[in-house]
Amino acid sequence: MKIWVDADACPVVIKDILYRAAKRTQTLTTLVANQSLNTPPSPFIKTLRVAAGFDVADNEIVRLCEADDLVITSDIPLAAEAIDKGAFALSPRGEFFSKENIRERLNMRDFLDTMRSSGIQTGGPAALNHSDRQAFANQLDKFLAQHARTGEKR
């Protein structure tokens, strides 16, 4: 099991949580971005720089991730594609995306895109707060512990 991070939009505080978890659990964690990233030295933390462009990093994550890997992203279409490949997807706010909820999330995203295209201001997501960070850390720890115990497979 590997962790793939949609790193261009991933908050620094979430990356820091991932770095600590990668070292603690010895889980290979790869940050995929279209810019250079500074990461702490570790054999379990890698970066993959891709060309700039729309969805280039997302497409590379989908290409490389495998069943039972974990993808960290707030990008709903990326989460949906990862789930379709049998991977797990977790948002930086600590919400697991699943086969049961991803279609609803895609529909809401498309609806809000349509509203914005019509000129309606929908606002963006709230700033990441302490409870979001805590929810992410808790979900990540729970997932990694469960996966280590059971080697969970779908």
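Figure 1. Ser98 sits in the loop between E6 and helix H4 (102–117). Helices (H or I, at least four residues) and strands (E, at least two) are DSSP runs, numbered from the N terminus. Ala80 is 18 residues from Ser98 along the chain, and their C-alpha atoms are separated by 8.1 Å. The model is predicted: local features need pLDDT of at least 70, side-chain atom pairs count only at pLDDT 80 or more, and totals for chains, interfaces and linings use all residues. Residues are numbered from 1 along each chain as its sequence is written, and side-chain values use heavy atoms, with hydrogens and water left out.

**Figure 2. Ser91 in the loop between E5 and E6.** Ser91 has a relative accessible area of 6%, so the residue is buried. Its contacts (heavy atoms within 4.5 Å) are Thr73, Phe97 and Phe136, leaving aside residues up to four places away in sequence.

**Figure 3. The contact of helices H1 and H5.** Two packed helices are described by the angle between their axes and the distance between the axes. H1 spans residues 12–25 and H5 spans residues 130–150. Their axes come within 10 Å and cross at roughly 20°. The axes are lines fitted to C-alpha atoms, for helices over the stretch in contact, and angles run from 0 to 180 degrees between N-to-C directions. H1 and H5 are therefore roughly parallel to each other. Angles under 35 degrees count as roughly parallel, over 145 as roughly antiparallel, 65 to 115 as roughly perpendicular and the rest as oblique. The crossing of H1 and H5 is right-handed, meaning that the near helix is turned clockwise from the far one by less than a right angle. From H1, Val13, Ile14, Ile17, Leu18, Ala21, Arg24 and Thr25 take part. H5 brings Arg133, Phe136, Ala137, Leu140, Asp141 and Leu144. By class, the contact of H1 with H5 holds nine nonpolar, one polar and three charged residues. Ala, Val, Leu, Ile, Met, Phe, Trp, Tyr, Cys and Pro count as nonpolar, Asp, Glu, Lys and Arg as charged, and the others, Gly among them, as polar.

**Figure 4. Lys15, a buried lysine in helix H1.** Lys15 has a relative accessible area of 11%, so this residue is buried. Lys15 touches Ala7, Cys10, Leu31 and Leu37, residues up to four places away in sequence not being counted. Leu31 is 16 residues from Lys15 in sequence and 8.8 Å away in space, C-alpha to C-alpha.

**Figure 5. Positive phi at Gln26 and Asp55.** Most residues other than glycine have a negative phi. Phi of Gln26 is near 55°. Gln26 lies in the loop between H1 and strand E2 (29–33) and is exposed, at 56% relative accessibility. Phi of Asp55 is near 65°. Asp55 lies in the loop between strand E3 (45–49) and helix H2 (56–64). With a relative accessible area of 29%, Asp55 is partly exposed.

Conventions
Buried means under 20% relative accessible area, exposed over 50%, partly exposed in between (1.4 Å probe, protein chains only).
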